[in-house]
Amino acid sequence: MSRNAKLKRGVGITALVMIAITFWLGLYVTPPAEVMGNLVRMLYIHPPMAWIAYLAYGITTAASLLYLWKRTRRREWDLIAAASAEAGVFFTGLTILTGSIWGRPAWGVWWTWDALLTSTAVLFLLYLGYLALRQVPMSETKRGVRSAIAALVAFIDVPIVHESVYWWKTLHQTPSVLNPSMNVEVHGSMAWALLLGFVAFTMAYVWMVWTRYETSKRQAELADLEVEQAIRERLAVEEVRL
Amino acid sequence: MNPYVEAGYTAVTCSLGGYAIVLGVRSRQVRLRLAKLRASAQQADRPLEDA
C-alpha cells in the first residue's frame with residue numbers, strides 16, 4: 001500500500017472513530033437543555049453539516065479560481081473543485097434534512113419558506129446545477145472553464161445564506177458559534193461535543209474529497225488510455241488494409 | 001430519547017455510510033478497469049518493442 005493510501009485510510013478511520021465519539025457524547029453524555037430538552041442533541045450534527053457545506057463550496061471556489069487563471073490552470077484544480085462540490089451538495093442535503101427533522105417539533109412544520117431555508121435550498125439547487133453542467137459532453141478545457149464560472153456564480157449564495165438570519169426576519173436562530181462577535185453560546189460538555197462534531201465531520205469531508213478526487217483522476221486517465229487504444233486499433237486496421 | 005433526535009442521527013449515519021460505500025465501490029471499479037486497460041496497453045506495445 002502506498003504512503004498516500006495509508007494516510008487516506010488513517011483519515012477515514014479517524015473520522016469514523018471521531019463521529020462515533022461525537023454521537024456517544026451527543027446522545028448519552030451531554031445533558032438535555034432547559035427549554036429544548038433532548039431536541040438540543042440535534043445541535044451536535046446540524047451546525048457541523050452546514051459548516052462543511054460552506055467549507056466545501058469555499059474549496060470549490062478557490063480551486064475554480066486557480067483553474068480559471070491560465071498560469072495555474074491544471075486538470076487537478078478542476079477535479080478538486082468537482083469533488084468538493086459533490087461533497088458540498090451531500091452535506092447541504094444533510095443540513096436541510098437534519099434542519100427539517102429539528103424544525104418539525106421546534107416550529108411545528110417540516111418546511112417553511114423562511115429566508116435561511118429558502119436560500120439554503122437555492123444553494124443546494126445551484127450546486128446540483130454545477131454538477132449537472134459537468135455531465136454535459138464537451139472538451140475538457142471548455143467544461144473546466146464553464147463549470148469554474150458556474151461555481152463562482154453559485155458561491156454568491158453562500159454569504160447570503162449565512163447572513164440571511166440578520167438581513168431578514170427568520171424563524172431560524174442566529175448562529176451559536178459562527179456569529180459576527182465569535183461569541184460561542186454553548187458551554188461545558190455541550191461545547192466539547194459540538195467542537196468534536198465539527199472536527200469529525202471535517203475529517204469525513206477530507207476523506208470524501210480525497211477519494212472522489214482520486215477516482216476522478218483515474219477516470220480521466222482511463223478516458224485518455226481509451227482514446228489511445230482506439231487510435232492504436234484504428235491504425236492497426238488501416239495497416240492491414242494497406 | 002426523542003424520536004426526532006433518533007431519526008436525525010439515523011439519517012446522518014445511513015447517509016454517511018451509504019455515500020462512503022458508493023465512493024469506495026466506484027473507486028475500486030475505476031482502479032480495476034484502469035489496471036486492466038494498462039495491462040492490455042502494455043501487451044499491445046510488447047510486439048513493437050520486441051521488433
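Tutor: First, the ground rules. This is a predicted model, where local features need pLDDT of at least 70, side-chain atom pairs count only at pLDDT 80 or more, and totals for chains, interfaces and linings use all residues. Residues are numbered from 1 along each chain as its sequence is written, while chains are lettered from A and ligands numbered from 1 in the order in which they are written.

Student: Which residues of α1(A) are buried?
Tutor: A15(A), I19(A), T22(A), F23(A) and G26(A). Buried means that 20 or more other C-beta atoms, placed from the backbone, lie within 10 Å of the residue's own.

Student: New topic. At what angle do α2(A) and α7(A) cross?
Tutor: Roughly 45°, and their axes come within 9 Å. Axes are lines fitted to C-alpha atoms, for helices over the stretch in contact, and angles run from 0 to 180 degrees between N-to-C directions. The two helices are therefore oblique to each other.

Student: Which residues of α7(A) does α2(A) meet there?
Tutor: G197(A), F198(A), F201(A), T202(A) and Y205(A). Contact means C-beta atoms, placed from the backbone, within 7 Å.

Student: And how many residues of chain B are in contact with chain A?
Tutor: 23 residues of chain B, against 30 residues of chain A. That side of chain B has 15 nonpolar, 4 polar and 4 charged residues. Ala, Val, Leu, Ile, Met, Phe, Trp, Tyr, Cys and Pro count as nonpolar, Asp, Glu, Lys and Arg as charged, and the others, Gly among them, as polar.

Student: How much of chain B is buried?
Tutor: 12% of its 51 residues.

Conventions:
Contact = placed C-beta atoms within 7 Å. Helix = DSSP H or I, 4+ residues; strand = E, 2+ residues; numbered from the N terminus. Parallel < 35°, antiparallel > 145°, perpendicular 65-115°, else oblique.
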